[in-house]
Amino acid sequence: MPDIISPFARPLYVMLKPAGSLCNMRCDYCYYLEKSKLYPQKEERLMNDEMLELFIKQYIESQTQPQILFTWHGGEPLMRPLSFYRHAIKLQRKYAHGRQIENCIQTNGTLLTDEWCVFFKANNILVGISIDGPKEFHDSYRHTQQGGPTFDKVMAGIRLLQKHGVEWNAMAVVNNRNADHPQAFYQFFKSLGCQFLQFTPIVERTVERPDGLTLAPGMTTGGVLTDFSITPRQWGNFLCGVYDQWVKNDVGKVFVQLFDASLANWMGVNPGLCTMSSQCGHAAVMEANGDLYSCDHFVYPEHLLGNIRQLTITGMMYGQQQQEFAKMKTASLPRQCRECRFLFACHGECPKNRFIEDRHGEPGLNYLCTGYRQFFEHVANDMEFMCNELRHQRPPANIMEMKKK
């Protein structure tokens, strides 16, 4: 008997890893490569057709909305052949039953070909490209398996996407090297004609675990911060530096995910970004063998929900274990957060970054807190102005004229 879903249940998302942690690159800061230790057999990291069909069927059945988004991630998802994704599209059509299916895929861009791009265009698939800014920054940490540079290959992939008219966006990791150059960073993406931009700040700590994994899982205290992680001050300066360029020239033309999410929180609506939302626990990740984990940043044995061969996606995502995980975001907020006038804007950000004490000595403060606070103080008046424009059914882009006065 299928699980019964309340029509009022919030939507759930499952990021799929069709090739697990397999990748043709070896980025220094990659948090996912070490997940191969959880799946030492290569066949466990390559999704077969049976599992693909089971996932697609269950995922569609788990949705409460008429639009369904499939997110293909890695590792590197293009380690699976084009035939795999052609089959996936056929299965989506088989089980859609009138639902609108959308797909996005996150790739390092180095394996793109004309054939891939023709497929993406024909099936209206959004492509996310991982690129860390200009060549000198990108090649600092994003290497081939042999340690060579990758920037030129990524740029070749972007040119192929543009040639075939494929919709794409950029996902940039902000690290200790590119964070000090927000102006050059932002202008680089503008020069590419990139209209949709995401930032991911690198904050990783190493610890010793009995299962052989070396990265600290979220709320765990202690550990050693990696060299490529950014400082809170760098993060604050970076956000303010990019914002100052964006707000003067590009509001409504270039969409920066974090800025859009901040404006949404100022308006009191869902920001569409789990790290900035009041709740989490609705975005899980599934490995190629069907194992479902609470979150992409919590792929550890203690956060394994089960396997879709034995349990349903619906049952696991609305089950007790995931509900307890979801509570962690609000339950773990320290006093400094609860007293902060900007709590509404970040909600403590991602629990994976909450590993320091607040000014009252309470644990669970976000490592990047001072950087976020610097940003929110910097943009508060602008956010109020844009909110007022939206409430009066005027475009927030009017702020650019205000900035000229």
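This is a predicted model: local features need pLDDT of at least 70, side-chain atom pairs count only at pLDDT 80 or more; totals for chains, interfaces and linings use all residues.

Together, strand 13 and strand 14 make a hairpin with 5 residues between them. In the turn, G361 has a positive phi of about 85°.

Helix 2 is made up of the 14 residues 82-95. At 1.5 Å a residue it should span 20 Å, and because its end C-alpha atoms are 20 Å apart, the model agrees with that expectation. The buried residues of helix 2 are L82, F84, Y85, A88, I89, L91, Q92 and Y95. An α-helix has 3.6 residues a turn, so residues three or four places apart point the same way. The cover over the buried residues of helix 2 includes helix 1 (49-61), strand 2 (67-72), strand 3 (100-107) and helix 3 (114-122). After helix 2 comes H97, with a positive phi near 50°.

D139 is located in helix 4 (residues 135-141). Its relative accessible area is 16%, so D139 is buried, the cut-off being under 20%. Leaving aside residues up to four places away in sequence, D139 touches P149, T150 and F151. With T150 there is a polar approach: a polar atom of the D139 side chain lies 3.0 Å from the backbone nitrogen of T150. The C-alpha atoms of D139 and C27 are separated by 9.3 Å, although the two residues are 112 residues apart along the chain.

Aromatic rings come next. The whole structure holds 37 aromatic pairs. In one of them, the ring centres of Y243 and F375 are 6.0 Å apart and the planes stand at 80°, so the pair is edge-to-face. Y243 belongs to helix 7 (residues 232-249) and F375 to helix 13 (residues 369-391), so this pair ties together parts that are 132 residues apart in sequence. Y243 and F375 are both buried. F375 also forms a tilted aromatic pair with F376, at 5.6 Å centre to centre and 50° between the planes. The relative accessibility is 0% for F375, which therefore counts as buried, and F376 counts as buried at 1%.

K17 lies over the face of Y32, 3.7 Å from the ring centre. R205 lies over the face of F355, at 3.9 Å from the ring centre.

How values were computed: Residues are numbered from 1 along each chain as its sequence is written. Side-chain values use heavy atoms; hydrogens and water are left out. Helices (H or I, at least four residues) and strands (E, at least two) are DSSP runs, numbered from the N terminus. The expected span of a helix is 1.5 Å times one less than its number of residues. Buried means under 20% relative accessible area, exposed over 50%, partly exposed in between (1.4 Å probe, protein chains only). Contact means heavy atoms within 4.5 Å. Two strands pair if DSSP finds at least two bridges between them. A polar contact is a pair of N or O atoms within 3.5 Å; within protein, one must be able to donate a hydrogen and the other to accept it, and residues adjacent in sequence count only if both atoms are side-chain atoms. Rings of Phe, Tyr and Trp (its six-membered ring) pair if their centres lie within 6.5 Å; planes under 30 degrees apart count as stacked, over 60 as edge-to-face and the rest as tilted. A charge sits over a ring if NZ of Lys or CZ of Arg is within 6 Å of the ring centre and within 35 degrees of the ring normal.
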